[in-house]
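Please read the report below alongside the sequence and the three-dimensional model.

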Amino acid sequence: MHAGLPPVVSFRALATLFGFSTKFIGALYRNPERYYRTFSIRSGKKVRIIQSPRVGIKVIQKWFGYHLAQAIELSDAVVGFVPGRSAVHGASQHCGADWAYSTDIRDFFTTTPIGMVLDALARLGYSKDAAALLARLFTYQGTLPQGSPASPVLSNLVFQDVDSFFEKTASEMNARYTRYADDVVFSGKGVFPEDLKQIVTDAITSKGWAISPHKESLAVRPSRLKVYGLIVEGDEPRLTKGYRNRIRAFKHLKKNGQIREDDLDRINGHLSYADWVDRFASKLKN
């Protein structure tokens, strides 16, 4: 088994680890859907369905998600849900490019089937029975649930073969590749290789996923190049002009005590993010 992986091989081992009864672990395994709360949230015009695990199964998922993320080694191209990496790290890898192409995997988690999860766990070294047990506890109605704390690291595991192929493709084209969750980005110097779009689409759809056509984007200089929401022209990533204007407005409102209490956490989050991007960029300069 892969060094550092959580050593769970049976109902009894899980029960002992978390202080649950084997009867409860068995109930989770037989009917995990009973232990979720499903609700919808609106993001712009889109409505997302969230499958949120309840306390018992969430404890298991969170623990495994954390320890799997610590134990596995992923390519530098994978910047989402990896300790010590972020979208800002990903954007920095595309700085100075002449073109940037990005696309998005539609409903990435909920179109990732349990069979892929089981295979990924088996490749790590879990026995067939242990992989089946864990895959069952980590999925909802046969796919990765949108609200599970284990889904991010598992999605990285199941996408490893495609990541490797995309890195090889980028290398052959003298380009760069990164992925943050379901957001795939290539960039490079010179002329954009027109066959790249079809190569990316074929690789993703061959595995059973689908492309979000309305999220596909190609920018070529002198047009603005943006990766993961950040401008990547020059030597370091930076906030867009529009976002900087928002940050200045937020700072002014906060300084003058004009922010409502229920908006304070959200605005502080924006301010912290902007400060972090600036500090990251300063480190790259030095």
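The text takes up the pockets, then the helices and some of their residues, and lastly the backbone.

**Pockets**

The model is a predicted one, and its largest pocket has a volume of about 420 Å³. The lining of this pocket is made up of 19 residues, and those that lie nearest its centre are Lys-46, Arg-48, Asp-107, Gln-146 and Asp-182. Strand β2, which covers residues 46-53, supplies the largest share of that lining with 5 residues. By class, the lining of the largest pocket comprises 6 nonpolar, 6 polar and 7 charged residues.

The second largest pocket holds about 200 Å³ of space. Its lining has 14 residues, with Ser-102, Lys-215, Ser-217, Lys-226 and Val-227 closest to the centre. Two or more lining residues come from each of β3 (99-104), β5 (183-188), β6 (217-220) and β7 (226-227), and among the elements β3 gives the most, 5 residues. The lining of the second largest pocket divides into 6 nonpolar, 4 polar and 4 charged residues.

**Helix packing**

Two packed helices are described by the angle between their axes and the distance between the axes. Helix α5 (residues 114-124) packs with helix α7 (residues 151-158) at an angle of about 75°, and their axes are 9 Å apart. An angle from 65 to 115 degrees counts as roughly perpendicular, and α5 and α7 are therefore roughly perpendicular to each other. On the α5 side the contact is made by Met-116, Val-117, Ala-120, Leu-121, Arg-123 and Leu-124, while α7 contributes Leu-154, Leu-157 and Val-158. The residues of this contact between α5 and α7 comprise 8 nonpolar, no polar and 1 charged.

In helix α2 (residues 22-30), the residues Ile-25, Gly-26, Ala-27 and Leu-28 are buried.

Leaving out residues up to four places away in sequence, Ala-131 touches Leu-118, Leu-121, Ala-122 and Tyr-126. Between Ala-131 and Ser-92 there are 39 residues of separation in sequence and 36 Å in space, C-alpha to C-alpha.

His-270 counts as buried because its relative accessibility is 18%, and the cut-off for buried is under 20%.

**Backbone geometry**

Most residues other than glycine have a negative phi, and most peptide bonds are trans. The peptide bond from Arg-221 to Pro-222 is cis, with omega near 20°, and Pro-222 lies in the loop between β6 and β7. Gln-141 has a positive phi although it is not a glycine, and Asn-174 likewise has a positive phi in a residue other than glycine. The table sets out the values for these two residues.

| Residue | Phi | Loop | Relative accessibility |
|---|---|---|---|
| Gln-141 | about 50° | between α6 and α7 | 58% |

Definitions and conventions. Residues numbered from 1 in each chain as written. Predicted model: local features only at pLDDT ≥ 70, side-chain atom pairs only at ≥ 80, totals over all residues. Heavy atoms only, no water. 1 Å grid on protein atoms, 1.4 Å probe; cavity = no way out; pocket = protein on both sides within 12 Å on 5 of 7 lines; lining within 4 Å. Points joined across faces, edges and corners; volume = space filled by probe spheres on them. Helix = DSSP H or I, 4+ residues; strand = E, 2+ residues; numbered from the N terminus. Nonpolar A, V, L, I, M, F, W, Y, C, P; charged D, E, K, R; others polar. Buried < 20%, exposed > 50% of the residue type's maximum accessible area, 1.4 Å probe, protein only. Contact = heavy atoms within 4.5 Å. Axes fitted to C-alpha atoms, helices over the stretch in contact; angles between N-to-C directions. Parallel < 35°, antiparallel > 145°, perpendicular 65-115°, else oblique.
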